[in-house]
Amino acid sequence: MAETVLLVGTRKGFWLLRSADRQRWRLEGPQFLGHVIYHVVLDPRDRRSLLLATSTGHLGPSVFRSQDLGGHWEEAATPPAFRREEGGRSVGHVFWLTPGHASEPAVWYAGSSPQGLFRSEDGGANWAPVAGFNDHPSRRDWCGGDQDGTPDGAKLHSILVDPRDPRHLYLSMSGGGSFESHDAGADWRPINRGVRADFFPDPYPEFGQDPHCVRLHPARPERLFQQNHCGLFRRDADGGDWQDIAPPAEADGTRLDIGFGLALHPRDPDTLWTFPMDATDVWPRVSPGGRARVLRSRDAGASWTTLGNGLPQTQAWLTVKRQALCADAETPAGVYFGTTSGEVWASADEGDSWTCIARHLPEIYAVEAAHPA
């Protein structure tokens, strides 16, 4: 078994959790203490390059790179930034990082708040805006004003690269919906047919939905899964419509289809996990009823199993953000989530049982599982 490392980004710094057997974990850190860490990703193409998206009140948003799993860091010479000609927009924070296609080993993509798309062709040292999206004539219609969106700022996230074609890209926005490009980002079109937006008079607009997390499985890249403000959805074919795959509500009417994160099995494109949260009138965004549960589907969302063995079932008001639910590549797959109350929970048996492996961390923004070289 390869060493498993969890990359934990928090509101106050970065930590690593390391384990050789996924039973005993060692917490290392903090690094970047006092910095907001939005996302940390190990490059799966070389399993050595680590990119970290951060910001502080003093230094502003930036991206740092490490080649030794955080032993040494180097700041990007040119961090993601809008062009000055773009009406004075500025990047509030870099929110999402995605490695490029396997055939483009130095390419990375970044999403920002307010919504912007950026690309690096030198491993994250220098970033340039993707004009095909940032300057698109429909951008303002798709994104709204820069002050619109979620309470912490509108975000561009879930940047996906089709493993069949490096020019085929997806992105999603909260809010704005999901979009697709077939020409390496030169042009984009909305792909939201079938996704509800219950907060609009027309619940099925062309764009304007609020996807929280969208995932693509490399073994079946024509399929997308989406955890959304209004439920769970699946799109099975290129150019197809989204289908509602929400689990049924509980007997008392509690909905379990609302959350932020979504994790896919490393090998089985039909297996996925989500962490349901309360979506009643004022959106408390905590475990429904104070019971921590993870949902798992083995049939692409046709049916769901509620998993709670080891998770607190009373007075557990947990919130899990969209980058804080993930799976590793082992057999059986490990599943992990981090909470805004600073806990990291782990399952080494695909969600059947859970253990808390870290407590008392700052508010957790992101958890990514990695297997370094």
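Select K155 and F95: the charged end of K155 sits over the ring of F95, 4.8 Å from the ring centre. A charge counts as over a ring if NZ of Lys or CZ of Arg is within 6 Å of the ring centre and within 35 degrees of the ring normal. This is a predicted model, in which local features need pLDDT of at least 70 and side-chain atom pairs count only at pLDDT 80 or more, while totals for chains, interfaces and linings use all residues. Residues are numbered from 1 along each chain as its sequence is written, and side-chain values use heavy atoms, with hydrogens and water left out.

Next, select R89 and F82. R89 lies over the face of F82, 4.1 Å from the ring centre.

Now turn to ring pairs. Rings of Phe, Tyr and Trp (its six-membered ring) pair if their centres lie within 6.5 Å; planes under 30 degrees apart count as stacked, over 60 as edge-to-face and the rest as tilted. The count by this rule is 15 aromatic pairs. Select F260 and W283, an edge-to-face pair with 6.0 Å centre to centre and 70° between the planes. F260 is in the loop between β19 (242–244) and β20 (262–264), and W283 is in the loop between β21 (272–274) and β22 (294–297), so the pair ties together parts 23 residues apart in sequence. Strands here are DSSP runs (E, at least two residues), numbered from the N terminus. Both F260 and W283 are buried, where buried means under 20% relative accessible area (1.4 Å probe, protein chains only).

F275 is in the loop between β21 and β22 and F337 in strand β25 (residues 335–338), 62 residues apart. F275 is buried at 1% relative accessible area, and F337 is buried at 0%.

Then show the open sheet, four antiparallel strands in the order β8-β9-β10-β11. Two strands pair if DSSP finds at least two bridges between them. β8 (93–99) and β11 (128–129) are the edge strands, each pairing on one side only. Six antiparallel bridges join β8 to β9 (residues 108–113). Select L97 to see A110 of β9 opposite.

Finish with F14, F32, F64 and W73, which ring pairs link into a cluster. F64 is also one of the residues lining the largest cavity, and H35, T54 and E75 are among the others.

Methods: Buried means under 20% relative accessible area, exposed over 50%, partly exposed in between (1.4 Å probe, protein chains only). On a 1 Å grid over the protein atoms alone, a cavity is a set of points where a 1.4 Å probe fits but cannot get out, and a pocket is an open set with protein on both sides within 12 Å along at least five of seven lines; lining residues have an atom within 4 Å of a point.
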